[in-house]
Amino acid sequence: MKAMTEEHVFQCTGCESECDVHVRVQDGKIVTVEGNDCPTGASYATSQCKMLLNSKDNQIKQPRC
Ligand code: SF4
């Protein structure tokens with residue numbers, strides 16, 4: 001089965017550089033984080049991406065009323 005890959009871009013708000021951080025997700029798991037100029041950006045983008053993935057999971061699992 002072919003792996004499902006998606007990429008999300010989050011703009012880090014840690015400082016005035018506002019780096020665009022690219023997060024690649026494969027089969028629902030974060031596999032790469034690129035574009036951050038410091039560890040703060042990786043941490044920020046990873047947490048944002050996890051929240052996004054969790055909200056997607058909840059949308060799929062919760063029945064619509
Ligand atoms: S990744 Fe680092 S350098 Fe880039 S905006 Fe965030 S805090 Fe600033």
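Among contacts between residues at least 6 apart in sequence, 29% join residues at least 24 apart. The model is predicted.

**Overall form**
- The radius of gyration of the chain is 14 Å, whereas a compact globule of 65 residues would have one near 11 Å.
- Along the principal axes, the C-alpha atoms fill a box of roughly 45 × 30 × 15 Å.
- Buried residues make up 14% of the 65 in the chain.

**Confidence**
- Mean pLDDT for the chain is 92. A value of 70 or more is reached by 91% of the residues.
- Strand β2 (residues 20–26) has the highest mean of the elements, at 98. Helix α1 (residues 39–61) has the lowest, at 91.

**Ligand shell**
- Cys12, Gly14, Cys15, Ser17, Glu18 and Cys19 are among the residues around the ligand.
- Asn36, Asp37, Cys38, Thr40 and Gly41 also belong to the residues around the ligand.
- The shell divides into four nonpolar, five polar and two charged residues.

**Val31**
- Val31 sits in strand β3 (residues 29–34).
- Is Val31 buried or exposed? Val31 counts as exposed because it has 11 C-beta neighbours inside 10 Å, and the cut-off for exposed is 12 or fewer.
- Beyond its neighbours within four places in sequence, Val31 contacts Arg24, Val25 and Gln26.
- Val31 and Ala42 lie 11 residues apart in sequence. Their C-alpha atoms are 12 Å apart in space.

Definitions and conventions. Residues are numbered from 1 along each chain as its sequence is written. This is a predicted model: local features need pLDDT of at least 70, side-chain atom pairs count only at pLDDT 80 or more; totals for chains, interfaces and linings use all residues. A residue is near a molecule or strand if its C-beta atom, placed from the backbone, lies within 6 Å of it. Ala, Val, Leu, Ile, Met, Phe, Trp, Tyr, Cys and Pro count as nonpolar, Asp, Glu, Lys and Arg as charged, and the others, Gly among them, as polar. pLDDT is the predictor's confidence in each residue, from 0 to 100. Helices (H or I, at least four residues) and strands (E, at least two) are DSSP runs, numbered from the N terminus. A residue is buried if 20 or more other C-beta atoms lie within 10 Å of its own, exposed if 12 or fewer, and partly exposed in between; C-beta atoms are placed from the backbone. Two residues are in contact if their C-beta atoms, placed from the backbone, lie within 7 Å. The radius of gyration is taken over C-alpha atoms; the globule rule is 2.2 Å times the number of residues to the power 0.38.
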